[in-house]
Each structure stands twice: as C-alpha cells, then as structure tokens.
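Please look over the chain below and keep its sequence at hand while reading this briefing. The notes that follow are grouped by topic.

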Amino acid sequence: MLGSGGSSNSVMLSPFPAGSTVRLMPIGDSITRSTCWRARLWEALNPAYAGRFDFVGTLQSTGTNCMPTMYDQDNQGYGSSLVTEIVSTAVEPRDCQPLCPSLADLRAAFMTAQPDVLLMHFGTN
C-alpha cells in the first residue's frame, strides 16, 4: 500500500500481473549454494503462492538434510566466491564450487534464467 495510513489517496502496488509467476534467483556464495534457507523460503511461500513463484538459475544444489527435500533447487550459488572479486575480475586461487564466477558468467546466467528478482547473499562467512 502506498500512501499515508490507508488514506483515500493510497494505491495498491502490484509489480507482477495477477496469475503470473515471479522468477526468483538466489545468488551468492556457499550459504546460497549449500545451506537450507532456500528450502525454508520455498516451504514458507509454497502454501499461499504455489505456482506463483519459481526459483531460477543455471545451477542446482541442495543443502545437507534440508526439509522439505522436494523444494525448487535452481540457484546461482558459488561456494567460496567473493562479490568483490567478481566485480573486480581479480580472483585469488581457491577452490570455488562449481567455479569462481566472472561478471560474464553472471551475465550469461541472467540472460538464461531471466530472473524478476535477485535474492543476493555474499560475504558473511
């Protein structure tokens, strides 16, 4: 609701047409790739919005022992990656999973998956 206190000048904002599917791209580091927050988000959204959202990305991965087990596993999570390295194109030698992404890799993923919303999580571990 846009406006002050529900006044008659308030306007309901709806960025997505009714009945459309919102394409959500979880993107980030190992927390995006291999923990259970995506499963928990899917579980929270699915009862009320089943068929109205879709996790997208060119990668698929699951966290260890995530519940529910049958959640949408599409994502753009890169273990051990740093957003500062991605934007500077300077990657220190390390074992990223599945690889240390470049801006070109992310651009290709965005073009392929065509997300409406990015859920970005980098650099907290």
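Is Q114 buried or exposed? Q114 is exposed, with a relative accessible area of 52%, where exposed stands for over 50% relative accessible area, buried for under 20%, and partly exposed for what lies in between (1.4 Å probe, protein chains only). This is a predicted model, in which local features need pLDDT of at least 70 and side-chain atom pairs count only at pLDDT 80 or more, while totals for chains, interfaces and linings use all residues. Residues are numbered from 1 along each chain as its sequence is written, and side-chain values use heavy atoms, with hydrogens and water left out.

**Confidence**

- The mean pLDDT of the chain is 81, and 82% of the residues score at least 70; pLDDT is the predictor's confidence in each residue, on a scale from 0 to 100.
- Confidence is highest in strand β2 (residues 53–55), with a mean of 95, and lowest in helix α3 (residues 83–88), with a mean of 75.
- Residues 1–7 have a pLDDT below 50, and this stretch has ten contacts in the model beyond near neighbours in sequence, a contact being heavy atoms within 4.5 Å.

**Overall layout**

- The chain has four helices and five strands, which are DSSP runs numbered from the N terminus (helices are H or I with at least four residues, strands are E with at least two).
- Along the sequence, these elements follow the pattern β-α-α-β-β-β-α-α-β.
- Of the contacts in the chain with a separation of 6 or more, 63% are between residues 24 or more positions apart.
- Of the 125 residues of the chain, 34% count as buried.

**The disulfide**

- The count comes to one disulfide, defined as a pair of cysteine sulfur atoms within 2.5 Å.
- This disulfide joins C36 to C66, with an S to S distance of 2.1 Å, and the link of C36 and C66 is left-handed, with -95 degrees about the S-S bond.
- Because C36 lies in the loop between α1 (30–34) and α2 (37–49) and C66 in the loop between β3 (59–60) and β4 (74–77), the pair ties together parts that are 30 residues apart in sequence.
- Both cysteines count as buried, C36 at 14% relative accessibility and C66 at 5%.
- Leaving aside residues up to four places away in sequence, C36 touches T64, N65 and C66.
- C36 and T64 are 28 residues apart in sequence, and their C-alpha atoms are 7.4 Å apart in space.

- The salt bridge is formed by the side chains of D54 and R23, at 3.8 Å from N to O.
- D54 lies in strand β2 and R23 in strand β1 (residues 22–28), so this pair ties together parts that are 31 residues apart in sequence.
- D54 counts as partly exposed at 25% relative accessibility, and R23 counts as partly exposed at 27%.
- There is one aromatic pair by the rule used here, under which rings of Phe, Tyr and Trp (its six-membered ring) pair if their centres lie within 6.5 Å, with planes under 30 degrees apart counted as stacked, over 60 as edge-to-face and the rest as tilted.
- F53 and F55 form this pair, which is tilted, with 5.9 Å from centre to centre and 55 degrees between the planes.
- F53 counts as buried at 12% relative accessibility, and F55 is buried with a relative accessible area of 1%.

**Backbone features in loops**

- The peptide bond from M67 to P68 is cis, with omega near 0 degrees, and P68 is placed in the loop between β3 and β4.
- S80, although not a glycine, has a positive phi of about 70 degrees; S80 sits in the loop between β4 and α3 and is partly exposed, with a relative accessible area of 37%.
- Q114, a residue other than glycine, has a positive phi near 50 degrees and is found in the loop between α4 (103–113) and β5 (117–121).

Terms used:
Salt bridge = Lys/Arg side-chain N within 4 Å of Asp/Glu carboxyl O.
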